[in-house]
Number of protein chains: 4
Amino acid sequence: MRQGLKNKRKGREAVDERRAAVEEFSGARLDTIGSCPFDPILAEKNLENMIGCVHVPLGFVGPIRVNGKWTSGDFIVPMATTEGALIATVNRGCAAITESGGANPHIVKDEMTRAPVFRVKDIAHSIEVAAWVDAHLDELKALASTTTRHGKLLSAKASASGRSLYIRFAFDTGDAMGMNMVTIASDLLARRIEEGTGAKLISVSGNYCVDKKPSAIDFILGRGKLVLADATIPRGIVESKLKVTPEELTEIAYRKNLLGSSMALSYGYNAHAANILAAIFIATGQDPAQVVEGSMVTTTCELVEGDLYISVRIPALEIGTVGGGTKLPSQSEALSVMGCLGLGKAKKMAEIVASVVLAGELSTLAAQAKGHLASSHKALGR
Amino acid sequence: MRQGLKNKRKGREAVDERRAAVEEFSGARLDTIGSCPFDPILAEKNLENMIGCVHVPLGFVGPIRVNGKWTSGDFIVPMATTEGALIATVNRGCAAITESGGANPHIVKDEMTRAPVFRVKDIAHSIEVAAWVDAHLDELKALASTTTRHGKLLSAKASASGRSLYIRFAFDTGDAMGMNMVTIASDLLARRIEEGTGAKLISVSGNYCVDKKPSAIDFILGRGKLVLADATIPRGIVESKLKVTPEELTEIAYRKNLLGSSMALSYGYNAHAANILAAIFIATGQDPAQVVEGSMVTTTCELVEGDLYISVRIPALEIGTVGGGTKLPSQSEALSVMGCLGLGKAKKMAEIVASVVLAGELSTLAAQAKGHLASSHKALGR
Amino acid sequence: MRQGLKNKRKGREAVDERRAAVEEFSGARLDTIGSCPFDPILAEKNLENMIGCVHVPLGFVGPIRVNGKWTSGDFIVPMATTEGALIATVNRGCAAITESGGANPHIVKDEMTRAPVFRVKDIAHSIEVAAWVDAHLDELKALASTTTRHGKLLSAKASASGRSLYIRFAFDTGDAMGMNMVTIASDLLARRIEEGTGAKLISVSGNYCVDKKPSAIDFILGRGKLVLADATIPRGIVESKLKVTPEELTEIAYRKNLLGSSMALSYGYNAHAANILAAIFIATGQDPAQVVEGSMVTTTCELVEGDLYISVRIPALEIGTVGGGTKLPSQSEALSVMGCLGLGKAKKMAEIVASVVLAGELSTLAAQAKGHLASSHKALGR
Amino acid sequence: MRQGLKNKRKGREAVDERRAAVEEFSGARLDTIGSCPFDPILAEKNLENMIGCVHVPLGFVGPIRVNGKWTSGDFIVPMATTEGALIATVNRGCAAITESGGANPHIVKDEMTRAPVFRVKDIAHSIEVAAWVDAHLDELKALASTTTRHGKLLSAKASASGRSLYIRFAFDTGDAMGMNMVTIASDLLARRIEEGTGAKLISVSGNYCVDKKPSAIDFILGRGKLVLADATIPRGIVESKLKVTPEELTEIAYRKNLLGSSMALSYGYNAHAANILAAIFIATGQDPAQVVEGSMVTTTCELVEGDLYISVRIPALEIGTVGGGTKLPSQSEALSVMGCLGLGKAKKMAEIVASVVLAGELSTLAAQAKGHLASSHKALGR
């Protein structure tokens, strides 16, 4: 039975039928979209109203040497992009870093947060509720654990304004990015809090989490993985590989990344971290809307004994190696290129990704310092 | 001749060879990635080191009724995502809006910016340079026009701090997102300014632009298309379609979008605008890293004579219907679903996208108000 | 011996001589400034180069009823200002609140912070230093206690970016605002950290404190006293005393305080909290530059069963009842008007001040809602 | 007739009677407060409920050499403070700058703003209203001029979100800080807009102005006087006067002012500009609550050919030499010390104040770099 646009079924036949209805509605021909090299049923939990696939060209950068706590070695990293010159640029940074001995990533915090908002009677009530939450933290932890095997409630911080109370739950989510498990757990916790305190749950997300919006709280406290990475690039490699001097890089990092971003009151003190994150996120089935908080990166360059020291601070790297889009065919293949598919791999992946962000910053700052941004876009770009 | 990872050639054979090298390096099997339904040569300007494609499942929402200045009618909108429940949620919002007579989008500004940073001698020098730019604006406009047929320099605003001078060029970029043409033009303009004033160009992008970083300047002044959209949803439709009351929506918009985001000092006063933008951007070959500034949306709900008034303010919607990834096979098909492929379509597309963002906000606020966020994720999600 | 402008002596004679030198230098007559009704030696630790006094006219508001944890009763509150209509406005708010049963202030956090910045070798080093600080927290607490009787180190949180490491010390400072004792203690702690870790102290204040600058970290985490206060004003009192309806107040709080401030990306979601703080700070010998962080107040209004609920959240109220300017003659008299002079009074004072901020917000919002801002300024103002 | 606390009369007798009532109410003795060396009637428009004066000790810094456009010469600058060491510190900076040839201030913008908020029917209506304002700008300018001799409407910029419309009026206010005249004029303009468009005025201040709250819009666009100032301090003077090297100053400016403030997401990238502004504002009868926006200063240090280059960017210096508290006896004397009393002096004063802020930054950065902050507070402070 054909149901056209209203068809809610899954599977290849349903997808084809639905696509035909869209073609009919719009007059567009969707042959390439229809050419989907995997069984749509594999994506049944990833979307609704499927009509096919969009094919994003996939390249890679690397090898990049990563000297982490959770992994160590040389890695090829997949990037899906349509922005000409991006991969070439990042790749050059990878080469310079690898030749210099590699990048040093450090995960200093790893928590996923969700913050329900409650309506309370007044401030006195908000203080009672906060005290109740503190007193019942063990119970809430136990309750959270009934909803998920991998997630673990770590803390619950209350913050109030008038009749609105926000409780920011922080979870260990194992190898999943974890937004989903955290939402389900928070919903249950919030209902227990309602029951125990008379506070009225208004939304399981009170925008004090903060998901998919840039925010000071995530910048300062971190969300997902708070990762720092650095590398020292000897002057000789800076000059031969990147065609600039360490002094030029230090100056551009100062005038552009720090002072320029401060003039614009930006939450991102970097060159283009979002580019690298977006390309890896799309390649590996991460949530691309979380590039938003991922973009709040600070990149610093310093001259140290004549060489270049470069670092990135990535306060909100929200990634997983299980769940979400990671199990889709091409996405899981992309993860396996880095050896990052499945359980036990999320921290490894974070170390690799942070290293590539560092490489991307290094190379683009050099290109801009050299005045090559426009010309490389002209030569390689769209 | 095989060159493995170092292979810089384009074309299907080069892609296959390179992918084989990556397989060999990593031990991963990349069959699905290798199954790319279009000739890789079509992507030759979109990336380097291509090894295949990542296949992002594509669905759609709609029809949604759009009552714009640049378009009017009912549209199906493609979304590429791996986040279960997203499409279903947005689609419900489209239905509610359409049944209510449609969304009303308004483009109130349309400029793409690039801001080179210069090193000047001191503040007096920065003031001279700024005056020189003002005095030579016509010359700079003419110069810019030599680099692009579609772009047009509109203004140049100087802002200085100490020995750093930022000049924010604003361009009309026609139907292209335009970052590329604007960078090429700005580079030429910056060199002319160097020559005319003795200021030293440090970077064609001084982070006062601001591209791919959240920033107050883009939030306040806009970048790309500054679009507002609204709709009035009769109480009956709110209650029957969205299963909540207008009062509940007004309360959640207040406690979550406004007060919650203010508590977190977020630049995004919305529920999940980035989700909608990311899914449409990936589907249609936009630059997904620009979801970062796209995410700075303000969503308001008000009770008006018993019905629900809802609006979004999207200060930095950076999209195009030509250039970038828009001409790739599946991406151009996706654009054609909305009738937005090619010249003369960018403003139409902006109106449609803003309308879908509105729909997404409406439906997710309702789901959260009703306490359905967790359950819908459980039912439909990963 | 006369030394004119170079005179570094204290005491009345020195003050007179110095003032004469300033008169000679500038040609100005400084008779009123010279008329200082207290012995200048009393201010010897409060300033250098004293030439007399500036006389700021002092008024009062109240009585205002305060229902706090640390105090309860009706209070007269001194305000030093030159802005006509300010006192009248705030006073009206006090009357409305008192008639409604009083304001309910709550101190939810009370910590003064100082954050030295260190230069470290690299990120690995910053992590080592942070770990060292954690491991030596008890030693650091003991060390801090050697510098002050009243201050107590509570915690030390490290945050790093590249080769810069910030350690935010939080102290209980008793009844002093405490910036001074905290700086002295932090200096000693920082030197111990240098010694123990090889980190190099760059500044005892690394702007991660953050003193006298508006900042997200203070807004979110609080600094000094984080105080919330609320009151419910019956509709009848709103209408009779304030000449507006609760609905009008709710609307102005929404469009102006919340949405307006969000449009401007302000860190202050209030009407004029800084006015009240500045006037009380000057009257009572507080540090007026700390009005900066004091200004980051959120004021909410809600309609609750037909009445008006109003609240303020003051995240960084930095005040003391000992130290600083509090012991100067007129300033200590002003403190004693509130019964807040000396030890054991700082929390009481915070509760009173927060209540007056609430009153000031209430009344000014009403005046603006009624369209009386301009006319009251015309009638009473300069 | 005695009226105690309810007494609304002006004049010395009323002040005395009122003070007696406050003494009676509170049990406090207010002798010093009562000792007010000027006739209270002079302050009749500056406050209500006057009970006397608070006497803030007044010192001075300087002479400082100022090489401005509006003034040039050596100036003594009065500062009222109770923070020991502040004047000594700033004074040292003045000496270093003067010996180096002086500070170079530049006023690059001079506009006072007020932004009423209107309720509109919907976005289409907001666009109509904005168009109406554009079309009637000349009429609005004429109308504004009926309310003030000194103020002049310069522009009106509309910004909307949903049913809220903000119109940011910018005025030239001559030598007055101008908040008052601008409010009165804006009120009239707003009522004309209501009449002409059907928009409903909600508040003459919509927090898009932004007065007495820190905000990105003021930081970026400026409010009051946007002033930049710089100086070059030869290495020899840095080392002899400030006891540090230019390299140490450059490093502290980088790690503290720029990177530290970015880590805290502060709107102030400086050391303690608010201190200097507060002390001058109180001394000269400015509005001390406007130190809030004044504090958003960026201070940069650079090494230029071995010497130190230092600059400040003060985006919102809101001062006047007429109106407000400037005509009070001691305050007008303080203004006359700088030769800044009355008409034609506001720009001169801005140049002097900016120069002193520069001096204060220079000296405090040096003290902190040298590790003297704590010790100078210990020696000179409270």
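pLDDT is the predictor's confidence in each residue, from 0 to 100. This is a predicted model, and chain A has a mean pLDDT of 96. In chain A, 97% of the residues reach 70 or more. For the complex, the predictor gives an ipTM of 0.97 and a pTM of 0.97.

Now turn to chains C and D. A rotation of 180° with 0.0 Å of shift along its axis places chain C on chain D, with an RMSD of 0.0 Å. That is the relation of a two-fold axis. The same surface serves both copies, as 100% of the contact residues of chain C recur in chain D.

Next come the charged pairs. Over all chains there are 88 salt bridges. One network links Arg119(A), Arg163(A), Glu251(B), Arg255(B) and Glu302(C).

Asp16(D) pairs with Arg19(D), with the closest N and O atoms 3.0 Å apart. Both lie in helix 1 (residues 12-26) of chain D, about one turn apart. Asp16(D) is partly exposed, whereas Arg19(D) is buried at 12% relative accessibility.

Glu99(D) forms a salt bridge with Lys241(D) at 3.4 Å. Glu99(D) sits in helix 3 and Lys241(D) in helix 8 of chain D, so the pair ties together parts 142 residues apart in sequence. Glu99(D) is partly exposed at 46%, and Lys241(D) is partly exposed at 32%.

Asp211(D) and Arg223(D) meet in a salt bridge of 2.9 Å, N to O. Both residues are buried.

How values were computed:
Residues are numbered from 1 along each chain as its sequence is written. Chains are lettered from A and ligands numbered from 1 in the order in which they are written. This is a predicted model: local features need pLDDT of at least 70, side-chain atom pairs count only at pLDDT 80 or more; totals for chains, interfaces and linings use all residues. Side-chain values use heavy atoms; hydrogens and water are left out. Copies are superposed by least squares on the C-alpha atoms of residues with pLDDT of at least 70 in both. Contact means heavy atoms within 4.5 Å. A salt bridge is a side-chain nitrogen of Lys or Arg within 4 Å of a carboxyl oxygen of Asp or Glu. Helices (H or I, at least four residues) and strands (E, at least two) are DSSP runs, numbered from the N terminus. Buried means under 20% relative accessible area, exposed over 50%, partly exposed in between (1.4 Å probe, protein chains only).
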